[in-house]
Amino acid sequence: MRVLFAALPAVLCFAQEADLPGQLARLQRLPTDQVRSLEARLAMDPAPSDKKAYHQLHLAYVLASRLSTEDPKASKALVEKSLKTFEAAPDPESRALVAGLLGLKIGFSPMSGMTLGPRAVGLLDQALALRPGNPRITLLRAIHLLHTPAFVGGGVKVALPLMEEAVRLAEAEAKPADPWLPSWGLIESLGWLALAQVEAERLPAAQQTVDRVFTLDPANGFVTRMVLPRLQGKGK
Amino acid sequence: MLAVLLQAALELSGVILGPGGKPLPGAQVEAAGRQTQADGRGAFTLTLEGSGPVEVRISAPGMEAQARLGRPGEALLVLLSPAVQGAMVEVVEGSGYSSQEGSTSTLSRLEIYTTPGAAADVMQAAKGLPGVSNASEGAELYVRGGKPEEVGIWLNGGRLARPFHHPNTQGGIFSAVDTALVTRVDFVPGAFSARYGDALSAVLDISTDQANPVASNTLLVTIPTQGFAAERPVGEGLLRASVRRSDTVLLDKWYGLAQTFEESPLSHDAQVNWQQPLGTGRLIATGLYSQDHLATDVTIANLKDSYHNRSETRFGGLQWAGTVFGQAGLTLAASEGQSHITWTFNQWGIDQQERSRSARAELTLPLGDRLTLEGGGDLDRTHVDPQGQVPFNLANWNPAAAARNFAYGFDATRTGTYLTARLLLNPSWGLSLGGRQDHYGLEQETTRDLRATLSWLIREGMTFRLAGGTFHQAPLLTQVDPHAGNPELKILRATHALASLDAAWKGPVAWNLRMEVYRKDYDHLVVQDPVLRFVSSGRGYAQGADLLVKASTSGWRGWIGYGYLDTQRKEDLQTTLGPAPTSVPHNLTAVSSHTLAPGWELAGTFRYASGAPVTPVLGATPDPGGGWDPVQGPQYSDQLPVYHRVDVRLTHLFSRWGGNWVVFGEVMNLLDRHNAASYSYTPDYTVRRVNESYFSRRILVAGLSLGW
């Protein structure tokens, strides 16, 4: 792989100098084109495969989420492929992402929620039991609850406190010494919290959360695309 | 110098990578009406007329194309992934049904659980597929004119010989495999892979391998069945276990069946699975135990007496599946099964112990993107020890009639090797070519089979398949018994040919359609012989068409499976080619499931089958030893009345008190149809009576499942 770097055009070698783990931590806030670039950079990065595995799964989760409305067929194929590759991932953070992929799969076929839903919840609960207080797992659990119908124990009312908890945990989390360890979560949790607040008709609180997101990340795509239109729609 | 900088400002450059981050030479790059190809290092450069952003399309054969936004002067780094499966033909053997999402399937776990009348049982659910007969209420599978013993059943790589509860009553009422632990089911009703030996008609391959380990508990309480299943990750391993008990005593009391049962059907089963990462793969240990008994007053032919049945099955299997040499898949499996079946009826009865061991080694070797080889070997060794006697002519149960006596144990062995090549000819065409050789020790015969399937992806979502081959299976152990049968019998042979069309449409209403026509020719079927007991002079054929239509919208899903069958066999007492017990020309299953409100499902199933053939009794003659012997008409020239049944189920799913609840109420046989299972007679055969099937009256069952 190092031989390949030497053979690359100078302009690409320049691109390699950017901090890849740092960019991976900002993954969910990047435009889809940049996410795809990161996917390629990660594939050719000489880091050990065990360090890269989590980020490959995270990339697949993010891309599948984005494609789920634009290109459901490609999204479904990516979900299936990623589940096959990562379904037996042992670390709790990866298991939580596998649960996220199962959640996307349920979205393609809601009836499958009867069998896949408890499995996804089981993976998330297990991940939380192994890593209590982990902000990313807490956020993924909250997202799953948000998308679960209220009659089977989900909905915005139960998801909202968990979103707030994810934000608190992300604020308190120290940056890991190993840059390859997962370290995303604060801005993402705030974005989802804002969305849940809008859904719960807590519009002033949602506006405050949106302002907080824009202070940290002025061009946040998730809030711009997903939260603001809903907030403005309900505010009218 | 300035010219060089300006040139760079108009150049779009980048690198295209394929799987594993390796350069992808030859990848096509198009932008602003211009195009180029990536060089040997995967790099490309494209000169544009302007310096603004442009949409760039990157593609390569067999890869998913990507559209990206490119800006001259900035490098583009692109990783292409292999094309979505489905845009490329799937190279498979035969034309089967799988529980995997995306297949033309009516065997998903959800459907097994929620189809009314299927009793959440894998094999009862498989009976709804076209080509499988509805004529009996048992869980045994009569596939395309074949007998149940022609279907090979595998559990986690091990051959499962007797997976039924109450095996001698109307074809085994339920399977002994608990659906709660089942993760995948593959059912292939014809032209199946060369990896499966000693099966003449179809294969049912069940897996309990669970890839997403979680801690969970499931409690099942219904009127006839209670069960508990649990899953516990232990270290890197996963323990899954279930226990079930089924007792129909309440149903029998409520519905007036109690007077016929001295002991209501009672069954227990337990299943344990242990999964553990080991080396480059995963070890799966499977244990299964099932036990059942009943005692009832019945009339068989003209003899009324008490029938007692007791059976016990043990199965243990070990399977390791993993990778070797980087990319080759290796599966090693070994299993042992023991069964003990006892039944008595008047002076007749059998006490049979059977012990079978099997082992398999299989290597899957991908050779590039287009060719995969799968090959291996398997062996079975069965020891059977039957004791007792049955009527020589199974239509005459007169205690004075001639008997076939079983008194000695014997062994039967089989060793086989097989190889299958799956070749992707191009994205639309695929060919699977396989062969296997088996040596049967008791019969001292070696058989060879050639099997092939040609697949053509007509367009996305529509596949046409042509498949065929030869299939061998040993005769029943009772027929090759060296002391009570004929060990010189030849190995049974079937030749399959089929053509199928699968089509799927997505939209507000999602549709799946499968049409299949088939022909199956049998040789060396076993015919009764007054001197040699059995001879291999039989033959037969089965031909027909199967149709499956499946549709779903956001609030409704349903499917219809219809099979037309024309079959004749020269077998058993049928000494010329003629109708067989499996000659049931029309079979229909229709299922409709509606979401009434979130969490509320109303579903109904309608089953229809032509009446099963029976041999008429024209009269009777007194037997010198006492009693009456029947005078039979032409074999299977009469038939039972048409079978049909409607089952309706209301299911409520909700989450409360920390658990996921499924509560259901089901009316089985809503129309109170008194379906016939067989005919019986008065002692002198002057009056014929109908023996009704078990579910031959309207029955209300209810229950709940709680998962936490």
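How many residues does the hairpin that joins β13(B) to β14(B) pass through? The hairpin joins these strands through 2 residues. The structure is a predicted model, in which local features need pLDDT of at least 70, side-chain atom pairs count only at pLDDT 80 or more, and totals for chains, interfaces and linings use all residues. Residues are numbered from 1 along each chain as its sequence is written, while chains are lettered from A and ligands numbered from 1 in the order in which they are written. Helices (H or I, at least four residues) and strands (E, at least two) are DSSP runs, numbered from the N terminus.

**Domains**

- Chain B is assigned domain 1 (2-79) and domain 2 (97-707); the bounds come from an automatic or database domain assignment.
- The C-alpha centres of these two domains of chain B lie 56 Å apart.
- Chain A is assigned domain 1 (53-132) and domain 2 (145-172 + 182-236).
- In chain A, the C-alpha centres of domain 1 and domain 2 lie 20 Å apart.

**Strands around the hairpin in chain B**

- Strands of a sheet pair through backbone hydrogen bonds, either parallel or antiparallel.
- Strand β13 (residues 216-222) and strand β14 (residues 225-234) of chain B run antiparallel and are joined by 6 bridges; two strands count as paired if DSSP finds at least two bridges between them.
- Within this pairing, B:N217 stands opposite B:A230 of β14(B).
- β13(B) is also joined to strand β42 (residues 699-707) of chain B by 5 bridges, again in the antiparallel sense.
- Here B:V221 stands opposite B:L704 of β42(B).

**The five-strand sheet of chain B**

- An open sheet of 5 strands has the order β8-β11-β12-β9-β10 in chain B, with mixed pairing.
- Its edge strands are β8 (97-98) and β10 (158-159), each of which pairs on one side only.
- Inside the sheet, β9 (residues 151-155) and β12 (residues 202-207) of chain B pair in the parallel sense over 5 bridges.
- B:G152 has B:V203 in β12(B) as its bridge partner.

- Another open sheet of chain B has 3 strands in the order β4-β1-β7, and its pairing is mixed.
- β4 (43-47) and β7 (75-79) of chain B stand at the edges with a single partner strand each, so one side of each has no neighbour in the sheet.
- From one strand to the next, the twist averages 25 degrees.
- Strand β1 (residues 11-17) of chain B runs parallel to β7(B), and 5 bridges join them; the bridge partner of B:L17 in β7(B) is B:L79.
- Helix α4 (residues 32-44) of chain A packs on this sheet, touching β1 and β7 of chain B, where contact means that C-beta atoms, placed from the backbone, lie within 7 Å.
- The direction of α4 of chain A makes about 75 degrees with that of β7(B); axes are lines fitted to C-alpha atoms, for helices over the stretch in contact, and angles run from 0 to 180 degrees between N-to-C directions.

**A helix pair in chain A**

- The axes of α5 (residues 49-70) and α6 (residues 72-86) of chain A come within 8 Å and cross at roughly 155 degrees.
- α5(A) and α6(A) are therefore roughly antiparallel (angles under 35 degrees count as roughly parallel, over 145 as roughly antiparallel, 65 to 115 as roughly perpendicular and the rest as oblique).
- Residues making the contact include A:L57, A:A60 and A:L63 of α5(A), and A:P72, A:L78 and A:F86 of α6(A).

Terms used
Two residues are in contact if their C-beta atoms, placed from the backbone, lie within 7 Å.
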